[in-house]
Amino acid sequence: MTENIYHRYLDLPFEITKHPDFTGSPTDMKHYDINDYNDDAMNEWHKSLGLYIRHTEIFYTPPGGNLPIHCDETELTNHVKINKTWGPEEGVTRWWTSNNVTVNDGRDGAKEVLENFDDNAIEEFSYREHRVLVSNPDDCNLVYEANTNTPSIVNVGQLHDTHNPTDQGRWTICFVPARGDDFYIYWDEAMEIYKDFIKGDNNGN
């Protein structure tokens, strides 16, 4: 069995507030930053842990859609986010390994490798011109998947995507924790920091 370094559920001492933009079921995928948005309970909880929320963003996976397989940096890092999704139980985040990864240098770089996605989808996914690792599904092997309707630690430093096989939209808010001048919190460190709030065993059961 593959070691679970990808996802763990959290039992938080508060409810994550649903973002007011999470309405309807648009037909195109979305990704945008919301660093001017504050979830006071999330901020205070992280302050009590000696951390802060460095970055906040939104993802949306449309009905019958996927987000591209990607890693949130230009190399595999094992850094984490805290995600909470509002959507169908069948919608999941999936993690992959690949023998062929490419650094996405914005829209053109994404189009070169993500041939299964149309130009409009790539334009939306890459609007920020961020640089990430991407891979084509034909070159990937699925290693783990989990529904994130329950607050979750997710390893975004490994290749991952989202999958929504239903006729409902799937909205996700993502919080990036940090400490001091450290840009990220990494998987092993996160397992220690959040140990009193992690639900279930190492396999997420």
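**Questions on a predicted model**

Biologist: How many helices and strands are in the chain?
Modeller: Both kinds of element are present in the protein chain. The count is 4 helices and 14 strands.

Biologist: What percentage of the residues is buried?
Modeller: The protein chain has 205 residues. A residue counts as buried under 20% relative accessible area. Buried residues make up 53%.

Biologist: Among contacts between residues at least 6 apart in sequence, what share joins residues at least 24 apart?
Modeller: Contact here means heavy atoms within 4.5 Å. Of the contacts between residues at least 6 apart, the share joining residues at least 24 apart is 86%.

Biologist: Let's go residue by residue. Is Thr-85 buried or exposed?
Modeller: Thr-85 sits in strand β6, residues 80–86. Its relative accessible area is 1%. The cut-off for buried is under 20%, so Thr-85, at 1%, is buried.

Biologist: Which side chains make polar contacts of 2.6 Å with the side chain of Thr-85?
Modeller: Leaving out residues up to four places away in sequence, Thr-85 touches Thr-148, Asn-149, Arg-170, Trp-171 and Thr-172. A polar contact of 2.6 Å joins the Thr-85 side chain to that of Thr-148. Another, also 2.6 Å, joins the Thr-85 side chain to that of Thr-172. The partners are Thr-148 and Thr-172.

Biologist: What distance separates the C-alpha atoms of Thr-85 and Lys-18?
Modeller: Along the chain, Thr-85 and Lys-18 are 67 residues apart.

Biologist: What is the volume of the largest cavity?
Modeller: A search of the whole structure finds 1 cavity of 30 Å³ or more. The space in the largest cavity is about 130 Å³.

Biologist: Which lining residues are closest to the centre of the largest cavity?
Modeller: The lining has 16 residues. Elements giving two or more of them are β6, β7 (92–98), β11 (152–155), β12 (160–164) and β13 (170–178). Closest to the centre are Phe-59, Asn-83, Thr-93, His-160 and Thr-162.

Biologist: How many residues of that lining are charged?
Modeller: The lining of the largest cavity includes 6 nonpolar and 8 polar residues. The charged ones number 2.

Biologist: Which backbone oxygen lies 2.7 Å from a polar atom of the Ser-152 side chain?
Modeller: Ser-152 is in strand β11. At 0% relative accessibility, Ser-152 is buried. Beyond four places in sequence, its contacts include His-7, Tyr-9, Asn-83 and Asn-147. The oxygen at 2.7 Å belongs to Thr-150.

Biologist: Which side chain makes a polar contact with the side chain of His-70?
Modeller: His-70 lies in strand β5, residues 69–71. With a relative accessible area of 4%, His-70 is buried. A polar atom of its side chain lies 2.8 Å from the backbone oxygen of Pro-68. The side-chain partner, at 3.2 Å, is Asp-72.

Biologist: How far apart in space are Glu-145 and Val-92, C-alpha to C-alpha?
Modeller: Glu-145 is in strand β10, residues 140–146, and counts as partly exposed at 44% relative accessibility. Leaving aside neighbours within four places, Glu-145 contacts Val-92, Thr-93, Arg-94 and Trp-95. Glu-145 and Val-92 are 53 residues apart in sequence. The C-alpha distance between Glu-145 and Val-92 is 6.3 Å.

Biologist: What is the phi of Asn-78?
Modeller: Asn-78 is in the loop between β5 and β6. At 26% relative accessibility, Asn-78 is partly exposed. Most residues other than glycine have a negative phi. Asn-78 has a positive phi, near 70°.

Conventions:
Residues are numbered from 1 along each chain as its sequence is written. This is a predicted model: local features need pLDDT of at least 70, side-chain atom pairs count only at pLDDT 80 or more; totals for chains, interfaces and linings use all residues. Side-chain values use heavy atoms; hydrogens and water are left out. Buried means under 20% relative accessible area, exposed over 50%, partly exposed in between (1.4 Å probe, protein chains only). A polar contact is a pair of N or O atoms within 3.5 Å; within protein, one must be able to donate a hydrogen and the other to accept it, and residues adjacent in sequence count only if both atoms are side-chain atoms. On a 1 Å grid over the protein atoms alone, a cavity is a set of points where a 1.4 Å probe fits but cannot get out, and a pocket is an open set with protein on both sides within 12 Å along at least five of seven lines; lining residues have an atom within 4 Å of a point. Grid points are joined across faces, edges and corners, and a volume is the space filled by probe spheres set on the points. Ala, Val, Leu, Ile, Met, Phe, Trp, Tyr, Cys and Pro count as nonpolar, Asp, Glu, Lys and Arg as charged, and the others, Gly among them, as polar.
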